[in-house]
Amino acid sequence: MTNAWTDIKNTDLVVVMGGNAAEAHPCGFKWVTEAKAHRGAKLIVVDPRYTRTASVSDFYAPIRQGTDIAFLLGVINYCIQNNKVQWDYTKAFTNASYIIQDGFGYSDGLFTGYDEEKRDYDRSSWDYVMDEDGFARTDPTLTHPRCVWNLLKDHVSAYTPEMVERICGTPKAKFLKVAEVISECSSPTKTMTSMYALGWTQHSHGAQNIRAMAMLQLILGNIGVRGGGMNALRGHSNIQGLTDLGLMSHLLTGYLNMPTEKEPDFETYMKSRQFRPLRPGQTSYWQNYRKFMVSFQKAMWGDAATAENGWGYHYLPKLDVPAYDVLRMFELMNHGRVNGYICQGFNPVLAFPNRGKVVAGLSKLKFLITMDPLETETARFWENHGEFNDVDTASIQTEVIQLPTRCFAEDEGSLTNSGRWLQWFWPAATPPGEARSDIWIMSQIFLRMREMYRREGGAFPDPLLNLSWDYHDPNDPEPEELAKEINGRALRDLTDPNDPSRVLVPAGKQVLNFTQLRDDGSTMCGCWIYSGNFNEAGNNMARRDNHDPDNTGAYLGWTFAWPLNRRTLYNRASADLNGKPWDPSRKLMEWDGTKWTGYDVPDIAPNAKPQDVMPFIMNQEGVSRLFSRGMMRDGPFPAHMEPFESPVQNVFNRKMRGNPVARIFESDVSQFGTSDEFPYAATSYRLTEHFHYWTKHNRVNASLQPEFFVELSEELAAEKGIQPGSWVRVWSKRGSVKAKAMVTKRIRPMMCDGKTVHVIGIPLHWGFVGAAKKGFGPNSLTPFVGEANIETPGYKAFLVNIEPSTAPGGAVA
């Protein structure tokens, strides 16, 4: 989230697309009701289903899943055509004026540089024209035919209201109503916030869904302001913390990059990470990358990380492929190339796509270790439960080891919420039986492996043998110790660069925050963006001061938000070029003539003059990007792409299937279905009464939503002879499930490109262990497709068939 949950109360318009906040984030949705009650804010919901969020909305518009980009580009086109643009913001704070190379273009659904055989783009033409000093050329008048603004205007011109209706199935009148209400937020005194979740991310073009809305928010002037922003609703603990702390296979902590085989040494690695400003005088804060990286490596390997060995750079793995994400790991498992799998806090048998492929992969392992406080389907994947898990137990030789962990209420530590708030929590109960903390379990695995390497040697034991493990009790490090390590400390006295006699941080003391990190080996820091969470002032995550001057919703004394306790990212953009708030009634930051003042921590150097340094300091341009250069694999602008399984063809290129650069494995291509065999569009979703896969162990939750069901329209039910509450079979190219039929008005047929499209909704909370009745999940049906940029599996748009059926068979003894 660029903003915070508590800031949503400041908005005039909430647009929920790609999410269902009232159902999946009911506590956070409180702030939407606050905005409606106290500001008269409106709520618009655009969704394939009439959801619980839609039920309290001011306006609802249906949309075919997987077509959000066409809808949003249609809104951008509407704003441009009707001059509903926050021009002062757009000209000053975006790259609208930047001139793009002559070689760049777009036609037939593809950008220039596409290689069909490689399924990838040559992105060299997706860049700015540079001057002789290496700065990007601009045209502040926006008249140059190849400036970003004119290229954008041409790109979105195809997305007329008629085209949006044709692609999305959204009736033209409903689309125009949504576009009209959104466009009014181009006023400097009216803001809109976007709330989205997995309904946008879990597509083969998920990142471009988000880009499209971000671009819309930028031309409306709604990024960096109170009541605005792009707000990703991270659902549960601790998904935000997971990505922040580098548990993605291609990332290190703080969104530093894992090295690749093309970067054999530290200096080669750093060459592409210099991040020189692309306009004079801009900050380009990623220029501090070396400080963050060296401090991270010192946190990992301490004295063994030296300037002579590139700070232990050779200890880091080097990727030979872009990422070893879950899809790649299960592909490798199915080829017999993975011996063991440690599954910590996940349930892939229900959570990863194409369940049949997941179970087949687990069946080829030598060992599987699960770490979880409750039984999971993954731990019991080898058991036969009739149709619910029809496996040949005798043929599965995988050794399964279950390690019981504490649940969140029995543990201590921090959780990072959607708004980047690190909130410390304390145990409310003692764990039962043999349950131990994840920290203790991981420590035992590490210490015993390290001892084996010491005794027996190995091909390259150095990274394990030299790993820093300086804790009071190495067997069970304390959460506060880990928090301090993440914050970082001085390894020797840190002196003032302007006055070497003045010591800023004595050796051994916690650094104040990441601004004190150095690249000479004198500091260590486990995660630079979290630095400041536990400094010499104490555990800032444990703060509980709810003082909020002028009722802004910032709550700066409540816990700690990364980075630097900042609650709204890019908040300098809340003020104009002279440093005056766009909306004085919702002031966030203001220039007082010598420094930035206001209700938040400035997202800019406090003394940076407003006309000199632009707000988007993490970008080399200093401004935001309507055109993303070569940074996105599937295009510098979003463009409509159909799901890999779609009931209709791509109207811009009928030969193009799915995202042309999304990651798919050859072994999965034969398992893509067509609309001839599977005529109905399907999507997955969540329910308030269940929380993923673990509240089904609770009898109360199991009673509230007792049985697996699928949701279908009255029209489709009549067409297929399906009665409400009867058993149905739903199947795809990859699997089959049986469920009770919920026949409802919440889903209705849509007309897309001249074809009637029926949608089937499939909730995801049931399995074959726990207190709830046994059931299936949508992942038995979903395709094995990875998003083009970050490999997120696509669960939200696929094809199925449906028919009346009988009850599924029970477990086999």
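Colleague: Is the crossing in which H14 passes H16 left-handed or right-handed?

Modeller: This is a predicted model, where local features need pLDDT of at least 70, side-chain atom pairs count only at pLDDT 80 or more, and totals for chains, interfaces and linings use all residues. Residues are numbered from 1 along each chain as its sequence is written, and side-chain values use heavy atoms, without hydrogens and water. Helices (H or I, at least four residues) and strands (E, at least two) are DSSP runs numbered from the N terminus, and a crossing is left-handed if the near helix is turned anticlockwise from the far one by less than a right angle, right-handed if clockwise. For H14 passing H16, the crossing is left-handed.

Colleague: What word describes H14 relative to H16?

Modeller: Axes are lines fitted to C-alpha atoms, for helices over the stretch in contact, with angles from 0 to 180 degrees between N-to-C directions. Angles under 35 degrees count as roughly parallel, over 145 as roughly antiparallel, 65 to 115 as roughly perpendicular and the rest as oblique. The axes of H14 (residues 326-334) and H16 (residues 355-362) cross at roughly 55° and come within 8 Å. That angle makes H14, relative to H16, oblique.

Colleague: How many nonpolar residues does the contact of H14 with H16 have?

Modeller: Contact means heavy atoms within 4.5 Å, and here Phe330, Glu331, Met333 and Asn334 in H14 meet Lys357, Val358, Ala360, Gly361 and Leu362 in H16. Ala, Val, Leu, Ile, Met, Phe, Trp, Tyr, Cys and Pro count as nonpolar, Asp, Glu, Lys and Arg as charged, and the others, Gly among them, as polar. Two of the contact residues of H14 with H16 are polar and two are charged, while the nonpolar ones number five.

Colleague: Let's turn to H4. How are H4 and H10 placed, roughly parallel or oblique to each other?

Modeller: Two packed helices are described by the angle between their axes and the distance between the axes. For H4 and H10 (residues 206-219), the axes are 9 Å apart and the angle is about 15°. H4 and H10 are therefore roughly parallel.

Colleague: And which hand does the crossing of H4 and H8 have, left-handed or right-handed?

Modeller: H4 (residues 68-81) and H8 (residues 172-183) have axes that come within 9 Å and cross at roughly 60°, so the two helices are oblique to each other. As H4 passes H8, the crossing is right-handed.

Colleague: How many charged residues are in the contact of H4 with H8?

Modeller: Phe71, Gly74, Val75, Tyr78 and Cys79 in H4 meet residues of H8, including Phe175, Leu176 and Glu180. By class, the contact of H4 with H8 has nine nonpolar and two polar residues, and the number of charged residues is one.

Colleague: Which side chain forms a polar contact of 3.2 Å with that of Asn389?

Modeller: Asn389 sits in the loop between strand E11 (367-372) and strand E12 (399-404). Buried means under 20% relative accessible area, exposed over 50% and partly exposed in between (1.4 Å probe, protein chains only), so Asn389 at 3% counts as buried. A polar contact is a pair of N or O atoms within 3.5 Å; within protein, one must be able to donate a hydrogen and the other to accept it, and residues adjacent in sequence count only if both atoms are side-chain atoms. At 3.2 Å, the side-chain partner of Asn389 is Arg355.

Colleague: What separates the C-alpha atoms of Leu198 and Gly19?

Modeller: Leu198 belongs to helix H9 (residues 198-201) and is partly exposed, because its relative accessible area is 30%. Leu198 and Gly19 are 179 residues apart along the chain, yet the distance between their C-alpha atoms is 6.4 Å.

Colleague: What is the relative accessibility of Phe627?

Modeller: You can find Phe627 in the loop between strand E23 (596-598) and helix H20 (666-669). Leaving out residues up to four places away in sequence, Phe627 touches several residues, among them Phe104, Trp126 and Tyr128. Phe627 counts as buried because its relative accessibility is 0%.

Colleague: Which kind of peptide bond runs from Trp562 to Pro563, cis or trans?

Modeller: Pro563 lies in the loop between strand E21 (560-561) and strand E22 (589-591). With omega near -5°, the peptide bond from Trp562 to Pro563 is cis.
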